[in-house]
Amino acid sequence: MNLLNKLDAAAALRKAQLPEAVGAFGIPIEEVYSSTEARIGENRVLLFGTNNYLGLSFAPECLKAAHEAIDNEGTGTTGSRMANGSYFGHRELEREFADFYQCRESIVFTTGYQANLGTIAGLVGPGDVVLIDGDSHASIYDGCTLSGADVIRFRHNDVADLDKRLRRLGERSAVTLIIAEGIYSMLGDQAPLVDIISVKNKYNSLLLLDEAHSLGVLGNTGQGLVEKTGMMEGVDFITGTFSKSLCSIGGFCVSNHSQLDQLRYISHPYIFTASPSPATIASTRAALKLLRNGTKLREQLWKNAHQLYSKMSEIGYKLGPEPGPIVAAILDNPKQALALWQGLLENNIYVNLILPPAAPENKSLVRCSINAAHTSEQMQHVCETFAKLYTEIGID
Amino acid sequence: MAESDYNETLQQLCQRLDSFTGSDIKVSPDMSLVNQLAIDSIKLLNLIMEIEDTFDISVPINALVDVQTVRDLADLIHKIKTES
């Protein structure tokens with residue numbers, strides 16, 4: 001079998017598993033009207049499947065900053081941070097992230113994916129150990145692979161399981177990096193951070209927390225799970241992305257360990273890629289200011305999240321373990337998930353369809369992401385549609 | 001002694017796989033994990049956690065690249081057990 005035949009075989013297997021799903025993935029959005037509405041095909045749809053948690057994608061401050069940056073600095077840097085691509089804005093954004101988390105060190109990466117790749121591969125290498133939550137994002141798995149370290153998984157959010165696996169490592173626990181996430185992207189549940197830190201300290205390991213989905217969402221100023229739990233001191237490295245609450249693209253790592261700066265000289269995902277464009281950096285800086293002062297946005301986001309979670313639970317949907325901006329309905333099988341996803345789209349609601357093997361434990365999910373800008377009318381329409389489809393599809 | 005340990009590991013692994021796959025197929029050492037036991041990459045990751053608990057060892061998932069058959073997996077487990 002040659003290389004192309006292998007891809008044909010994989011495609012045939014995918015289509016055989018769920019032929020009706022062809023076209024369900026990578027659905028094109030033709031026009032975007034606002035942070036909550038867009039056009040798909042000929043229809044105006046509600047966006048309930050984005051990561052735009054604070055609804056800042058059209059914030060005037062961000063648009064203005066991006067426009068000015070293009071006018072003043074051009075469309076791209078055309079080079080890496082190591083070479084010609086380190087501008088005033090990149091350094092300022094790093095300073096602002098360090099200030100936001102009250103940390104000594106901060107590095108900006110070109111994407112959130114690269115933030116995890118570059119941080120993990122920079123921190124650990126052959127002979128070291130990475131101990132990751134079983135439900136970790138692909139960027140964490142890929143960072144581990146790139147590092148060459150020994151990769152061990154612990155059961156999702158199970159601190160006793162983490163403790164057991166650290167015990168087995170013996171003295172190697174001192175060269176172990178534990179990785180968890182503030183909010184997990186599939187079911188929207190939060191890591192038991194206080195207990196994880198307690199176990200980490202017991203075995204003298206280091207902890208990296210990925211706040212990709214919790215930045216802007218948790219804590220009084222939106223730092224994430226570290227702020228909500230008051231555990232900043234116990235976390236060694238925090239990574240995150242600009243592509244969710246901050247509505248651009250890029251990523252960061254902050255730490256109080258001065259050694260983080262060394263990653264600039266050894267981490268390939270940082271070194272061998274072009275730096276973020278001036279417009280990206282400018283809009284991210286503007287969005288970070290709004291996020292830090294976004295208490296009211298967070299209040300509205302959580303009000304919306306609680307409303308959808310409680311309504312769907314009341315209808316009878318099986319959901320993730322706790323309310324949050326990600327509300328995932330867990331369906332019995334891929335066909336049922338596809339029927340619900342199609343039914344929602346026919347009612348002009350766009351959400352995410354997630355089929356095995358993308359979701360944990362081969363689950364089939366229909367995942368909604370809530371936005372602070374969703375209006376009460378939009379929330380009501382979504383709740384009513386979920387109720388109607390539950391009966392029509394026969395989900396119970 | 002080492003050989004009897006290995007045989008015991010192989011037997012224990014086959015029994016564990018019998019219950020893990022939940023099928024009527026009787027697991028034998030030269031069976032392919034993917035082609036004959038239908039253990040895909042996701043199932044394999046979960047299986048490894050169970051094996052770690054069964055044998056009280058750490059099995060790095062990056063060590064699985066050369067594991068194709070039940071015997072390959074038994075070899076890896078035995079190697080880790082004897083080195084620990």
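This is a predicted model: local features need pLDDT of at least 70, side-chain atom pairs count only at pLDDT 80 or more; totals for chains, interfaces and linings use all residues.
Next I looked up the packing partners.

H12 of chain A runs over residues 295-315, 21 residues in number. Its first and last C-alpha atoms span 30 Å, close to the 30 Å expected at 1.5 Å a residue. A:Gly316 follows the helix, with a positive phi near 125°.

**A:Gly222**

I went to the loop between strand S8 (206-210) and helix H8 (225-229) of chain A, where A:Gly222 sits. A:Gly222 has a relative accessible area of 0%, so I noted it as buried. Setting aside neighbours within four places in sequence, I listed its contacts, among them A:Phe100, A:Leu291 and A:Arg298. I also looked up A:Thr295, 73 residues from A:Gly222 along the chain; their C-alpha atoms are 8.0 Å apart.

**Salt bridges**

I searched the whole structure and got 29 salt bridges over all chains. I took three of them in turn.

A:Arg165 pairs with A:Asp161, with 2.6 Å between the closest N and O atoms. Both lie in helix H6 (residues 159-169) of chain A, 4 residues apart, about one turn of the helix. I found A:Arg165 buried at 1% relative accessibility, and A:Asp161 buried at 3%. Both residues belong to a salt-bridge network that also includes B:Glu52, B:Asp53 and B:Asp56.

A:Glu92 pairs with A:Arg285, the closest N and O atoms being 4.0 Å apart. A:Glu92 is in helix H3 (residues 88-101) and A:Arg285 in helix H11 of chain A, so this pair ties together parts 193 residues apart in sequence. A:Glu92 counts as buried at 17% relative accessibility, whereas A:Arg285 is partly exposed at 22%.

A:Arg44 pairs with A:Glu37 at 3.4 Å between the closest N and O atoms. I noted A:Arg44 as partly exposed at 46%, and A:Glu37 as partly exposed at 22%.

**Surface patch**

Last, I looked for nonpolar surface. A:Ile29, A:Val32, A:Phe58 and A:Leu63 form a patch with about 320 Å² of accessible area together. Within it, A:Val32 belongs to strand S1 (residues 31-32) of chain A and is partly exposed at 48% relative accessibility.

Notes: Residues are numbered from 1 along each chain as its sequence is written. Chains are lettered from A and ligands numbered from 1 in the order in which they are written. Side-chain values use heavy atoms; hydrogens and water are left out. Helices (H or I, at least four residues) and strands (E, at least two) are DSSP runs, numbered from the N terminus. Buried means under 20% relative accessible area, exposed over 50%, partly exposed in between (1.4 Å probe, protein chains only). Contact means heavy atoms within 4.5 Å. Patches are made of residues with over 30% relative accessible area and no salt bridge: like charges are joined within 9 Å, nonpolar side chains (Val, Leu, Ile, Met, Phe, Trp, Tyr) within 5 Å. Accessible areas come from the Shrake-Rupley method with a 1.4 Å probe; for residues, only the protein chains shown count as cover. A salt bridge is a side-chain nitrogen of Lys or Arg within 4 Å of a carboxyl oxygen of Asp or Glu. The expected span of a helix is 1.5 Å times one less than its number of residues.
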